[in-house]
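Colleague: I am new to reading models like this one. Could we look at it together, and will you tell me what lies behind each term?

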Amino acid sequence: MDRFEAVFERCRRENRKALVVYMTVGLPDADHAEELLCGLIESGADIIELGVPFSDPTADGAAIQAAGQLALAQGINLEKIFAIAGRVRARYPETPLILFSYYNVIFHYGLEAAAAAMKSCGIDGVLTVDLPLEERDEFLPVCEKYGIAFIPLLSPATGDERAEAILRGMRGFAYCITLRGVTGARESLPAELGDELRRFKRLAGDLPVAAGFGISSGKMAKDAACYADAVVVGSAAVKLVTGAVDGASGISAACKFVKELAQALRG
Amino acid sequence: MKHETHYGIYGGQYVAETLLPTLHEVEAAYDEAMSDPEFHRELNDLLKDYVGRQSPLYHAKRLSAYLGGAQIYLKREDLNHTGAHKINSALAQALLARRMGKTRLIAETGAGMHGVATATVAALFGMQCDVFMGAVDIARQAPNVERMKVLGANVISVSSGSATLKDAMNEAIRDWVATSEYTFYIIGTVAGPHPYPMMVKEFQSVIGRETREQILAKTGRLPDEVIACVGGGSNAMGMFAGFLQDESVKLTGVEAGGDGVETGRHAASINGGEVGVLHGSKSYLLQTGDGQIVEAYSVSAGLDYPGVGPEHCYLADTGRAKYEVINDSEAVAAFDLLSRMEGIIPALESSHAIAQAVKSAPGYSPDGIIVVCLSGRGDKDMDNVKSYKERAGLK
């Protein structure tokens, strides 16, 4: 059983949904990135998405873009992210870690080198936002060779036939975008969320489904969790860190928020 | 019809899943339009009566004599309505958008020429128009911002990242992801995800098609060399399209060297970049050792883009086209030279191509023929040239 299967199995046993937390690596600063990530896990994050900053994040909204610029200004790069991931892995042997990145950063590092580094630092999966079905064959076999799960992405615009092609042979979980747009905290969930997620669940079969994009409160997380196996929270957590007066209060605000979410998913 | 989405290793559709169905929709509409005689009839009528095509091919005799080599012919895209080649593709894409039932056009713009072209066709078809423009570019291209507003477009200032063209394109893509049900994105160059490089090339290929006919009619033979500037590369690809099959014709693209490729302050993606993925396609890119995109620099805002069209990358690798570099100082000198020799004030973008012709022409005998794509007029650049000269201590 891999770490993903173990987490979803544990959640089933505990009769709750899994909490996936996205965090830009390098926040609140390069020296405290590890502390923040470990704090999120302590607070109840079941799976961590390690957000790799990119200069031109076209799928992200203002919050994650600003966080990325901040992290880049701190000198964060893939090499350092692998080192941080390795230290987090050493402290938390069971939590699945996913590298969440735009393709160019990985491509420029070298596909083979990146996959090998992921494996050796204990990263379980990779989600490349801008590498759709049409282009993924240049990277997917490399991931498979190193045992890195290639996390598939579905959106409301993805038709059934296309979704089936995307999901074939995938493991880990399916990341389902619940709205048409970029990342960013929203006030409420889209009305058609339930229908969309039911469709994704049906298409994904045994593969767990995680719902993401826009979730900003325990209530929203709980509502989205009705139809999914996991919920993803990103921008709202990132904003708590970047918007804090200093690093320490940013870490504690994000951890408090994640605790609330975890609580809501149990309740 | 199933199209090839890559040019060698370049091009492709490197976009988020949310956009893929939209790209498929655009491609299907493009195929349907291209096989509909009514689309071509309407486009050709507008190109003739609204844009003012065909544009002349002008024999620059004084410049040719002064340089003492090849005869130089200028393809006068600067005489098009709105003053540049951008209108060719904006018009065709807007027609496509209307066929698809879209009611809103968006565009990114750097120097403002593509924004003006898009605002123009939006006015022509009575469509809503939002143009994304970097805050830095808004400050340095004020006249074009005013033109867009007069035409009824909304200019959206982008202050994220480097607040220039690439950031404007990021923001346009973000908007499009959320609004594609009623919005058509008019991309200004032969970059972006498939089908845009193919589509924009097709819509700009009128330049090369006309030029080929015109030079044959005037001189009875094909040119020895065709020269065009390359930012994203749409005027160059439109011009090259007419001559790709003519192996005797040398194709030369000219990248913006800024302060010099060796200084790192340039926009020469092919000559000074590495392969990567940005804005949906794989191409040569200006980037750091960590794969972060860096801001391009050129005196000409229209060449100021850190990537380049994928087909140009392919033509560079195969050797079918050569890509030279012209620095700011050479471009500004060519701007002055053409203005005084021929009474034609070229855009700073096109001045890069003129500067390359100045270098190339003396290597030919007076029977040689060089065609330069004069992609736009220089009225918009008066302030830029003046401030450049002041900075450089030139008169």
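Modeller: Let's start with B:Q54, in the loop between helix 2 (37-51) and strand 3 (57-59) of chain B. Helices (H or I, at least four residues) and strands (E, at least two) are DSSP runs, numbered from the N terminus. This is a predicted model, where local features need pLDDT of at least 70, side-chain atom pairs count only at pLDDT 80 or more, and totals for chains, interfaces and linings use all residues. Residues are numbered from 1 along each chain as its sequence is written, chains are lettered from A and ligands numbered from 1 in the order in which they are written, and side-chain values use heavy atoms, with hydrogens and water left out.

Colleague: What kind of peptide bond joins B:R53 and B:Q54?

Modeller: The bond between B:R53 and B:Q54 is cis, with omega about 5°. Chain A has a cis bond too, from A:L27 to A:P28, with omega near -10°. A:P28 sits in the loop between strand 1 (18-24) and helix 2 (33-42) of chain A.

Colleague: And what makes A:N15 worth a look?

Modeller: Its phi is positive, about 55°, although A:N15 is not a glycine. You will find A:N15 in the loop between helix 1 and strand 1 of chain A.

Colleague: Why is the pair A:R162 and B:E17 called a salt bridge?

Modeller: The term asks for a side-chain nitrogen of Lys or Arg within 4 Å of a carboxyl oxygen of Asp or Glu. The closest N and O atoms of A:R162 and B:E17 are 2.8 Å apart, so the pair passes that test. Between chain B and chain A the count is 3 salt bridges, and over all chains it is 49.

Colleague: Which parts of the chain does the salt bridge of A:D2 and A:R171 link?

Modeller: It has its closest N and O atoms 2.8 Å apart. A:D2 is in the segment before helix 1 (3-13) of chain A, while A:R171 is in the loop between helix 8 (160-167) and strand 7 (174-177) of chain A, so by the DSSP numbering these are distant parts of the chain, 169 residues apart.

Colleague: How many residues does each chain bring to the contact?

Modeller: Contact means heavy atoms within 4.5 Å, and by that rule chain B brings 36 residues and chain A brings 35. B:E17, B:R174 and B:Q292 lose the most area in chain B to chain A, together 25% of what that side buries. The area buried between the two chains is about 2,800 Å², with 50% from carbon and sulfur atoms; buried area is the accessible area (1.4 Å probe) that two parts lose on being put together, summed over both.
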